[in-house]
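Subject: Handover of a structure and notes on its contents

Dear colleague,

Please find below the structure that I am passing on to you. My notes on it follow directly after.

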Amino acid sequence: MEFLSRTPNFDFLGKKNIFFLLSALLVGFSLYLFFSQGSAKYGVDFIGGHELVVKIPATTDTEAVRSALEKGGVKDAAVQAFELGSSQYAIRVADPAGTDVVKTRVNDALKATYNQDVEFLRTDFVGPTVGAELRRKALIAVVLGLLGILAFVAIRFEFAFAFGAVAAVFHDVIVSLGAYLFFNYPINMATMAAALTIVGYSVNDTIVIFDRVREELGKSRGESLSQVVNRSINVTLSRTLITQGLTTISILSLLVLGGGAIRDLALFLFAGMVAGTYSTIYIASPIMIAWHKFRGGTEDVS
């Protein structure tokens, strides 16, 4: 199936320096958000404590809820709108007390402002030791995933291809995480699941283009490596638009219609899909060419 009636001839690699700069800015901003937020960026899964999903029978917003909790003695609570337009809020409290005690404190604090008991829709508790262990294992899972991709692509193609693919995946995860933190979403186990999904999806798109590059290299003579890669991207562009477009539409439906944890997951996936499509063209391919030259390879295809 073809989305485009004929193979285009866009000069993607001719604009690589502009997109390298854009990517550097996005990655830098994402890392700034990650390190500047400290432990506040983690959800209950990773730091321990309670997460309570409450329904407040009054029109309010996250800042007002946070202020009410602070005045009521519930200190340093993280508040997030759980479902837009529904008066549902997720409240994270790093409190070692039992669940019933924390629920009572939260209810009393909010009742003092809104004059009614709140409805508790969900309560979760994770101990701090378990949270730290989950955070460590999540990081190991992501690192092992990247190493596995590096090894697979290096064996399947060559190291220059593997280096480009891993650089693109690293870019996608960091940029997606930056978008997630920018909208004030906490990092939890669902975030890690989304990150690993992005890792797999991004490298799949990259492999499709790299496989085409290898095929074109076998029948191209008198052309530069950049020309071969650029043509391969154009030849697979129709497939990329169809696959990524349909997937993005599905994720957008979850982002718009889903609530709570589903919307959180969809936001990360949406950012990752957009970054993944872009990085395959403007990150993986140019880095593969640059590494090939750095290792003594020639630009001309022989």
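Predicted model: local features only at pLDDT ≥ 70, side-chain atom pairs only at ≥ 80, totals over all residues.

Overall make-up

The chain contains ten helices and four strands. Read from the N terminus, the order of these elements is α-α-β-α-β-β-α-β-α-α-α-α-α-α. The chain has 302 residues, of which 45% count as buried. Among contacts with a separation of 6 or more, 77% are between residues 24 or more positions apart.

The strands

Strand β1 covers residues 49-55 and strand β3 covers residues 88-93; the two run antiparallel and are joined by six bridges. Two of the pairings can be named: H50 has V93 as its bridge partner in β3, and E51 stands opposite R92 of β3.

Strand β2, residues 78-83, holds Q80. With a relative accessible area of 16%, Q80 is buried, because the cut-off for that class is under 20%. Beyond its neighbours up to four places away in sequence, Q80 touches T62, Q88, Y89, A90, N184, Y185, P186 and D264. Q80 and T62 are separated by 18 residues in sequence, and their C-alpha atoms are 6.1 Å apart.

The pair α6 and α7

Two packed helices are described by the angle between their axes and the distance between the axes. For helix α6 (residues 159-182) and helix α7 (residues 189-217), the angle is about 145° and the axes are 9 Å apart. The crossing of α6 with α7 is right-handed.

On the α6 side, the contact is made by F161, A165, V169, D172, V173, L177 and Y180. On the α7 side, the residues are T191, A195, I198, V199, S202, V203, T206, F210 and V213. Sorted by class, this contact comprises twelve nonpolar, three polar and one charged residues.

The nonpolar cores

Which residues have the most contacts inside the largest nonpolar core? They are V153, V229 and M288, in a core of 53 residues. Two or more residues of this core come from each of α5 (128-156), α6, α7, α8 (225-235), α9 (237-257) and α10 (261-294). Helix α10 supplies the largest share, with 13 residues. Apart from this core lies another one of 19 residues, including Y89, V93, V102 and A109.

Leaving out residues up to four places away in sequence, M288 touches A160, F161, G164, F210, V213 and V229. Of these, F161 in α6 also takes part in the contact with α7, as do F210 and V213 from the α7 side.

S232 lies in helix α8. Its relative accessibility is 0%, so S232 counts as buried. Outside the four places on either side in sequence, S232 touches I209, R212, V213 and E216.

T248 belongs to helix α9 and is classed as buried because its relative accessibility is 16%. F270 and M273 are the residues that T248 touches, again not counting those up to four places away in sequence.

Leaving aside neighbours within four places in sequence, F10 is in contact with N230, N234 and L237. F10 and N230 are 220 residues apart in sequence, yet the distance between their C-alpha atoms is 7.8 Å.

With kind regards

How values were computed
Residues numbered from 1 in each chain as written. Heavy atoms only, no water. Pairing = 2+ DSSP bridges. Axes fitted to C-alpha atoms, helices over the stretch in contact; angles between N-to-C directions. Left-handed = near helix turned anticlockwise from the far one by under 90°. Contact = heavy atoms within 4.5 Å. Nonpolar A, V, L, I, M, F, W, Y, C, P; charged D, E, K, R; others polar. Core = buried A, V, L, I, M, F, W, Y, C linked by side-chain atoms within 4.5 Å. Buried < 20%, exposed > 50% of the residue type's maximum accessible area, 1.4 Å probe, protein only.
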